[in-house]
Amino acid sequence: MERYETGASIDGFELVERLPSGGMASLWRAKNPKFDFPLLLKIPFLDPGGDVSVILGFEAEELILKRLSGAHVPRYAASGNLATVPYIAMEFVTGIGLAEMTGRAPLPPDEVARIGGEIAKALAALHRQKVVHLDLKPENIILAERGAVLLDFGLARHAELPDLLGEESSVPMGTAAYISPEQVLGERSDPASDLFALGCILYQLATGEEPFGRPATFAGMKRRLYHAPKPPRDFDKAIPRWLEAIILRCMEVDRSRRYGEAAHVLSDLRNPDQVVVALKRVPANKRAWDGIRNLFRRTDEKSLVGKPAGSAARAGPPIVLAAVDLANGSDALAGEVLNETARVLAAREDSWLACVTVLKTEIVGNTPSVDESGRLVYLQRLVALKDWARSLHLPEDRISYHVLEAVSPADAILNYAEHNDVGHIVVGARSSSAIRRHLGSVSTKVVARALCSVSVVRLKVIEEQRQLPP
Amino acid sequence: MRVAILSDIHANREAFDAVLEAVGKQAPDQLVLLGDLVGYGPDPVYVVEKAADLVEGGAFCIKGNHDEAVAVSPNGMTENARTAIEWTRERLAAKHFDFLARLPLSLRSEDRLYVHASAERPEKWLYIRDMDAAERCLSASDARFIFCGHTHIPAIYYALPGSRPIHFSPLDNVAAPLSALRRHLIVVGAVGQPRDRNPAACFALLDTSRHEVTMVRVPYDYEETARKVQASGLPTWLGMRLKIGR
């Protein structure tokens, strides 16, 4: 095969500087006047008689990367014919490699949650584009100014493309330290596999230890089906319970107990006070005993990892934000917002509700909750919000409550929605009035600016009322 | 280069017209009719004459087993199919028989092979319904792309030298990638009698520069076709199945 030197040119890309790389491909900084962003060229090592999986992984990466967009992946530039001049040209992403951060672990819990949130946000964006990464690890994550950027889609899977790589191989593909139990068993289609890897990364950032080490054999990788890692707080009691709960829920072997959505992990990392922490931790000897019992009782390993959330379950939005105005108590409009929220949640069993109400403050920076009376107003509103949602009968881990204090309710709702990757907003609209038309209503602004679907709920205007002269 | 491939039209005028309209909007460089112009459906004369016009205009047309059965003899067919063949024969004229009889069993154009059933002995009308059949079809030709119809169920088989072909069910209206490393067997869905539970007519659109092939679905008025089947005295099931796509 051809070996390239600095200064060589491939399809108009000039190789500027060779970068350190792994064993699959060489990496080059490159120049091409046709593209206005810094470029990286990835050229696979294709030695005659070499490992065929190199070229198959390269093919998978090319197919998937060129279909991806957004801030959380490198921009695709071009690619060469695999049979003649194989290369992928993409954006050179500047930032801090996560591998560098894991080298400094354990990190403070706030820092772990912040980094975890960035990665969860990137995963949510990836999964929305129907792609599962399947090889998430610190080496494949860059913390850039624009957020986390995921690299290397050589093992990734696109739900609408043939799995040319997976069908060709029967051995589990992934990185031993982070591979999910269902991937160990050969399954390559569930976004929850990336959340398992995220859990392993958070574990490592919080404790400084890899939860499963780096087993070199298939049997070694399979151990994670039976043996749970030592809980993070066994390393350091300074790790908060909520963070431990999030990490362990990411790392559940049974997918019916694991997070199903990156957006849900993101939301929990951003709202630690809403995380459901089990009252009693399972004692270590009980866990070991469960492992041994599973070893004997379960003959079918597939049943240990549970079923992936099917496509039918993914029909609706994962996170629903219900914005309700309780300034004057729970009125008819609040009741109708509740009804609509119930309908949206019913579309999807694993959806999850964030109830939001806004406490209007007059001046920025002077929040009423700082003084005693303000604190009381805040608590009253929280109680009212919980009471409003009570009839939905959602289990604790499907619902969270947020009293936001803000000058502009619309901005507060929009900001929350964007920050927590909300999939659908339900908001009420008061009936039209001259002043409302003039100033613009909350719902109008939410509809105009939201990055997701919005249901606007309005009470049906009674015919006689409408016919009255203004 | 872009190629539209239409297979298994089966004398379904409504489906054929709807697909030709969709193809017209795509303005492909080449049109291929992949066989089984007739059989099952109520409009054999219309479809054969339209096909003859298209061939006049540069389209390729391959012979299918129903075309041969009408032109020669209905051997080895199901009862409904045979009834429809007899019905069709009574309605066609000499020039139609002549057109069908002269159609080639397969046709090679650059790196693409077009054949109705399988490249493995095309005259045997073998079905490509599994990996083994796909493997035998692929080994019967060195073309990079083999296009077949006959099963009425869209499929793509990706073949890498030295390993078993990989089966993929292409999604409706979503481009499936073609690989520079592999050979491909593309089983095109049916225009006139889809059997993959989707009653919409199907044709394949190949784009060689984008390295993609798409199974394009075109909804058409199958109620009308079913009504004609009923009115013409053809077996009722032949109309029913159009409504449920099987």
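# Close-up views of a two-chain predicted model

Chain A carries 18 helices and 16 strands, where helices (H or I, at least four residues) and strands (E, at least two) are DSSP runs numbered from the N terminus. This is a predicted model, so local features need pLDDT of at least 70 and side-chain atom pairs count only at pLDDT 80 or more, while totals for chains, interfaces and linings use all residues. Residues are numbered from 1 along each chain as its sequence is written, and chains are lettered from A and ligands numbered from 1 in the order in which they are written.

**View 1. The domains of chain A.** Chain A is split into domain 1 (9-91), domain 2 (106-152 + 163-309) and domain 3 (313-467); these bounds come from an automatic or database domain assignment. The centres of domain 1 and domain 2 of chain A, taken over C-alpha atoms, sit 29 Å apart. Where the two meet, twelve residues of domain 1 of chain A are in contact with 15 residues of domain 2 of chain A; a contact here is two C-beta atoms, placed from the backbone, within 7 Å. The domain 1 side of that meeting has seven nonpolar, four polar and one charged residues. For those classes, Ala, Val, Leu, Ile, Met, Phe, Trp, Tyr, Cys and Pro count as nonpolar, Asp, Glu, Lys and Arg as charged, and the others, Gly among them, as polar.

View 2. Strand 4 (residues 39-44) and strand 6 (residues 88-91) of chain A run antiparallel, joined by four bridges; two strands pair if DSSP finds at least two bridges between them. Look for Lys42(A), whose bridge partner in strand 6 of chain A is Ile88(A). Strand 5 (residues 76-79) of chain A also pairs with strand 6 of chain A in the antiparallel sense, over three bridges. There, Ala78(A) has Ala89(A) as its bridge partner.

**View 3. Around Leu15(A).** Leu15(A) belongs to strand 2 (residues 13-19) of chain A. Leu15(A) counts as buried because it has 20 C-beta neighbours inside 10 Å; the cut-offs are 20 or more other C-beta atoms within 10 Å for buried, 12 or fewer for exposed, and in between for partly exposed, with C-beta atoms placed from the backbone. Beyond residues up to four places away in sequence, Leu15(A) touches Tyr4(A), Thr6(A), Gly7(A), Ala8(A), Trp28(A), Ala30(A) and Leu41(A). To get your bearings, Asp190(A) is 175 residues from Leu15(A) in sequence and 37 Å from it in space, C-alpha to C-alpha.

**View 4. Helix 10 of chain A, mostly covered.** Eight of the nine residues of helix 10 (residues 262-270) of chain A are buried. Among them are His264(A), Ser267(A) and Asp268(A). The buried residues pack against helix 3 (109-128), helix 6, helix 9 (241-250), strand 12 (319-323) and strand 13 (352-360) of chain A. Over the 470 residues of chain A, 40% count as buried.

**View 5. The largest nonpolar core.** This core has 188 residues, a nonpolar core being a set of buried Ala, Val, Leu, Ile, Met, Phe, Trp, Tyr and Cys residues joined through C-beta atoms within 7 Å. Those with the most contacts inside the core are Leu198(A), Leu321(A), Ile413(A), Ile5(B), Ile146(B) and Leu185(B). Its largest share, eleven residues, comes from helix 6 (residues 192-207) of chain A. Neighbours within four places in sequence aside, Ile413(A) is in contact with Ala323(A), Val356(A), Val358(A), Ile425(A), Val427(A) and Val446(A).

**View 6. The open sheet of chain B.** Six strands of chain B line up in the order 3-2-1-11-12-9, with mixed pairing. Strand 3 (60-61) and strand 9 (176-177) of chain B are the edge strands, each pairing on one side only. Strand 9 of chain B meets strand 12 (residues 212-218) of chain B in the antiparallel sense over two bridges, and Ala176(B) has Val213(B) as its bridge partner in strand 12. Overall, chain B comes to eight helices and twelve strands.

**View 7. Where chain B touches chain A.** Eleven residues of chain B are in contact with twelve residues of chain A. On the chain B side, strand 8 (166-168) and strand 9 of chain B are the elements that give two or more residues. That side divides into nine nonpolar, two polar and no charged residues.
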